[in-house]
Amino acid sequence: MAKASKSEVDYSRGHAGAHCGKALEDDKAYCRYFIPPLSPASNLGQCEKVAGPINKVYRCRLFARANAPERDR
């Protein structure tokens with residue numbers, strides 16, 4: 001399956017309640033589709049559903065909370 005473009009999913013700056021990547025160790029507002037960067041010095045990771053480099057502080061309309069119960073996904 002092809003990944004969506006950033007414009008198709010309204011990729012933009014996230015907020016405290018929803019963002020792509022884990023910002024802090026105890027963060028519970030990150031997306032289950034985010035693939036962390038290989039280098040800890042980088043904010044840019046990947047996404048299972050969106051094409052291109054993904055900034056962990058952004059979000060899109062495909063956001064699905066990583067720690068949500070299965071029924072909420």
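This is a short talk on one predicted chain, going from the whole fold to a few single residues.

First, the ground rules. The model is predicted, so local features need pLDDT of at least 70 and side-chain atom pairs count only at pLDDT 80 or more, while totals for chains, interfaces and linings use all residues. Residues are numbered from 1 along each chain as its sequence is written, and side-chain values use heavy atoms, with hydrogens and water left out.

Now the chain as a whole. It has zero helices and five strands, in the order β-β-β-β-β from the N terminus. Helices here are DSSP runs of H or I with at least four residues, strands are runs of E with at least two, and both are numbered from the N terminus. The radius of gyration is 11 Å, which agrees with the value near 11 Å for a compact globule of 73 residues. That radius is taken over C-alpha atoms, and the globule rule is 2.2 Å times the number of residues to the power 0.38. The C-alpha trace spans about 35 × 30 × 20 Å along its principal axes.

Of the 73 residues, 33% are buried. Buried means under 20% relative accessible area, exposed means over 50%, and partly exposed is in between, with a 1.4 Å probe and protein chains only. The chain exposes about 4900 Å², and carbon and sulfur atoms supply 53% of that area; the areas come from the Shrake-Rupley method with a 1.4 Å probe, and for residues only the protein chains shown count as cover.

Contact means heavy atoms within 4.5 Å. Among contacts between residues at least 6 apart in sequence, 59% join residues at least 24 apart.

On to single residues. I will quote some polar contacts, which are pairs of N or O atoms within 3.5 Å; within protein, one must be able to donate a hydrogen and the other to accept it, and residues adjacent in sequence count only if both atoms are side-chain atoms.

Start with H19, in the loop between β1 and β2 (34-35). Is H19 buried or exposed? H19 counts as buried because its relative accessibility is 8%. Its side chain reaches the backbone oxygen of H15 at 3.0 Å. N55 lies in strand β4 (residues 54-55). With a relative accessible area of 17%, N55 is buried. The N55 side chain reaches the backbone nitrogen of V57 at 3.0 Å. Leaving aside neighbours within four places in sequence, N55 is in contact with Y11, C20, N43 and L44.

R65 is partly exposed, at 32% relative accessible area. Which backbone oxygen does the side chain of R65 reach? That of K28, at 3.2 Å. R65 also lies 6.2 Å from A29, C-alpha to C-alpha, although 36 residues separate them in sequence.

R61 counts as exposed, at 54% relative accessibility. The R61 side chain reaches the backbone oxygen of E8 at 2.7 Å. R61 and E8 are 53 residues apart in sequence and 9.1 Å apart in space, C-alpha to C-alpha. Leaving aside neighbours within four places in sequence, R61 is in contact with E8, V9 and D10.

That leads to D10, in the segment before β1 (12-13). D10 has a positive phi, near 55°, and is a residue other than glycine.
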